[in-house]
Amino acid sequence: MAARLEIEGGVRLQGEVSASSAKNAALPALAASLLTAEPVVLENLPALADVTTIRQLLERLGAEFSELPGGGTRVQVSRLKSHEAPYELVSTMRASVLVLGPLLARTGVARVALPGGCAIGLRPIDQHLKGLTRLGADIEIENGFVQARSSRLKGCRITSDLVTVTGTENLMMAAALAEGTTVIENAAREPEVVDLAWLLQAMGARIDGAGTERIEIVGVPELGGCRHRILPDRIETGTLLVAGAITGGDVTVTNAVPRNLSALLAKLEEAGALLEVGEDRIRCQGPERPRPTDLITSPFPGFPTDMQAQMMALIGLADGLSRVTETIFENRFMHAAELCRMGARIEIDGATAIVRGVEHYEGAPVMATDLRASASLVLAGLAAKGRTGVSRVYHLDRGYERLEAKLQKLGAKIQRLP
Ligand code: EPU
């Protein structure tokens, strides 16, 4: 039977806890190791199910992994033994599509299963494919696979129709080995894109403008090995801060990067939390009762869709009505119905959730269909009266490094049951 979490709610969380490194930076960093025959050393890979999945994929493609005695993970793809990302791995984790750009750039051929929809939306990859085609790849869809071929890719101007994080990353990796200059317009500005640019630069790539909407990449014939430290996870940081806020507690997250969390911090303050922001730490003292707070998700530096569910759990307890609008994914309100089972009053009207605050949640057995939705249920459980059982913990394990251990450290009564 799959593991579940049992939470006895009502404890005000207190203390200090450190953020792990970011899942959404670790995945592209690992994919980037395909761009060179030399070793790439990642100093602080987080222990996450999604990291295990991409490791399995890279191993199939020919990567060798070793743990270094002084710490860090060494990954080396001396020779590619396959150029295919199979359906079973892509369907487990969509980010597997990140191998498409690097494989094509290094070997001129890649075959990657089409991801298809998932629990939070349709999530097509047309912008990845459009960009690669502009770079000179010949792309066909055959039997559910993207089949891409090219001789050396050629620099070009790519204007993305919409802001896509992994799309920008895929194109940046492909363009790093292309001939000539590539400009990506309407690029994603997420901190994880910037972290990947730093890694690629350490490998010898020439990239300007990462973190802005215009990224310029001057292709080089070859990339080399490097050592890289992955940036801290802003979504994990945010989730732990909300844990402090929702329990009326006093939680400090260390190893944080406050500038990557501005939109969330503004909303926490609007909801009544008291924040103290240091250089690499954030202290959050929760209000007696949250204030109603409207929010709308948008690409960075806007409010992150990956924090929408957790914030909804918090304002579900507010003294009044809030509106939460999701603009990134079309089906990312799956947590609302589960929160309602705990006593929340939430109605969905298209892309907007109307959240009428209740005085308290009641513990209940709940389950979620995706990672951040599961996190929101854990948060609601921490605040609820009585006992909450969150099943399908494997969703959480995809993106949080032992979340329950960190919450226990803050005093939460939470345990993992087999
Ligand atoms: N989109 C297209 N065509 C494309 C690419 C994207 O229509 O070719 C659409 C998507 O369907 C979506 C929107 O554009 O509606 C934005 O999607 P994006 O491509 O930016 O998402 P992603 O790159 O697949 C990453 C994170 C997600 C995070 C989103 C948005 C990784 C590995 N994943 O996904 O993280 O929600 O950006 O910030 O970086 C999570 O960690 O829980 C998670 C889902």
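A polar contact is a pair of N or O atoms within 3.5 Å; within protein, one must be able to donate a hydrogen and the other to accept it, and residues adjacent in sequence count only if both atoms are side-chain atoms. The model is predicted: local features need pLDDT of at least 70, side-chain atom pairs count only at pLDDT 80 or more, and totals for chains, interfaces and linings use all residues. Residues are numbered from 1 along each chain as its sequence is written, and side-chain values use heavy atoms, with hydrogens and water left out.

**Ligand site**

| Side chain | Distance to a ligand oxygen |
|---|---|
| N24 | 3.1 Å |
| T164 | 2.7 Å |
| T166 | 2.6 Å |

The protein buries 88% of the 820 Å² that the ligand exposes when taken alone. Accessible areas come from the Shrake-Rupley method with a 1.4 Å probe; for residues, only the protein chains shown count as cover. Helix 1 (23-32), helix 5 (126-134), helix 6 (165-176) and helix 12 (371-383) each give two or more residues to the shell around the ligand. Helix 5 gives the most, with three residues. Helices (H or I, at least four residues) and strands (E, at least two) are DSSP runs, numbered from the N terminus.

In total, 21 residues surround the ligand. The closest are Q127, T164, T166, D306 and I328. By class, nine are nonpolar, six polar and six charged. Ala, Val, Leu, Ile, Met, Phe, Trp, Tyr, Cys and Pro count as nonpolar; Asp, Glu, Lys and Arg as charged; the others, Gly among them, as polar.

**E192**

E192 lies in helix 7 (residues 191-202). E192 is buried, with a relative accessible area of 5%. Buried means under 20%, exposed over 50%, and partly exposed in between (1.4 Å probe, protein chains only). Beyond its neighbours within four places in sequence, E192 is in contact (heavy atoms within 4.5 Å) with N24, A25, E169, L231 and R234.

**Whole chain**

The protein chain has 14 helices and 24 strands. Its radius of gyration, 21 Å, is close to the 22 Å that the globule rule gives for 418 residues, so the chain is as compact as a globular protein of that length. The radius is taken over C-alpha atoms; the rule is 2.2 Å times the number of residues to the power 0.38. Of the 418 residues, 58% count as buried.

Technical notes:
Near = heavy atom within 4 Å.
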